[in-house]
Amino acid sequence: MSEDWIDQVSSEIPRMHNLDDIDRKILAALHQNSRISYTDLGQQIGLSRVAVQARINALSEKEVIERFTVVINPVKVGLSVSAFFNVDIEPQYLDEVAEKLDQEPAVTSLYHMTGPSTLHMHGIFADMEEMEHFLLEKVYKMPGIVKVESQLLLKRYKSRMGMRL
């Protein structure tokens, strides 16, 4: 990754939360490769290893960096069905249903939305039978569920974790 790339991407990070250009460069580099060493990152942006570590720690403490994680290709680990669900829920059950769905391992994201449905959810399953079991035995049995619509993913063109850089 070149310095020019870091400069270009870091300039696209919104100017908020008192982030300076160095913080933006650090975030851009970590977004590309969160396993980069402090030493290598420091060499790319012109800081010492200690300074990079201090800045990353400060960004973590301020919760600018929420967490470090790994992105796993679901198909490579046997999870071949990816589906999006729009779930209509009676308002008084919203929090209860959201808390239960949050605990489900198949659920990868869950959002309270405006528009025609209450919750928008994404799930990944080994096969159609596992998805059907999830719907029949878990989702449909939750109190307050009015309607569930599902859409199966055919092809992923782009997927991004976290915010845009």
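**Note on the predicted model**

1. Val-70 is exposed, with a relative accessible area of 61%; exposed means over 50%, buried under 20%, and partly exposed in between (1.4 Å probe, protein chains only). Val-70 is placed in the loop between α4 (49–61) and β1 (81–89). Together with Ile-72 and Val-77, Val-70 makes a nonpolar surface patch of about 310 Å². Patches are made of residues with over 30% relative accessible area and no salt bridge, nonpolar side chains (Val, Leu, Ile, Met, Phe, Trp, Tyr) being joined within 5 Å and like charges within 9 Å. Accessible areas come from the Shrake-Rupley method with a 1.4 Å probe, and for residues only the protein chains shown count as cover.

2. The model is predicted: local features need pLDDT of at least 70, side-chain atom pairs count only at pLDDT 80 or more, and totals for chains, interfaces and linings use all residues. Residues are numbered from 1 along each chain as its sequence is written, and side-chain values use heavy atoms, with hydrogens and water left out.

3. The protein chain has six helices and four strands, in the order α-α-α-α-β-α-β-β-α-β from the N terminus. These elements are DSSP runs numbered from the N terminus: helices are H or I with at least four residues, strands E with at least two. Of the 165 residues in the protein chain, 33% are buried.

4. In α4, the buried residues are Val-52, Ile-56 and Leu-59. Seen down the axis of α4, these buried residues fall within an arc of 60 degrees, so they line one face of the helix; the arc is that of the directions from the helix axis to the C-beta atoms. They pack against α2 (21–32) and α3 (38–45), where contact means heavy atoms within 4.5 Å. On the other side of α4, Val-50 and Glu-61 are exposed.

5. Asp-20, Asp-23 and Arg-55 are linked in a network of salt bridges, a salt bridge being a side-chain nitrogen of Lys or Arg within 4 Å of a carboxyl oxygen of Asp or Glu. The closest N and O atoms of Asp-20 and Arg-55 are 3.0 Å apart. For Arg-55 and Asp-23, the N to O value is 2.8 Å. Arg-55 lies in helix α4 and Asp-23 in helix α2, so this pair ties together parts that are 32 residues apart in sequence. Asp-23 counts as buried at 7% relative accessibility, whereas Arg-55 is partly exposed at 25%.
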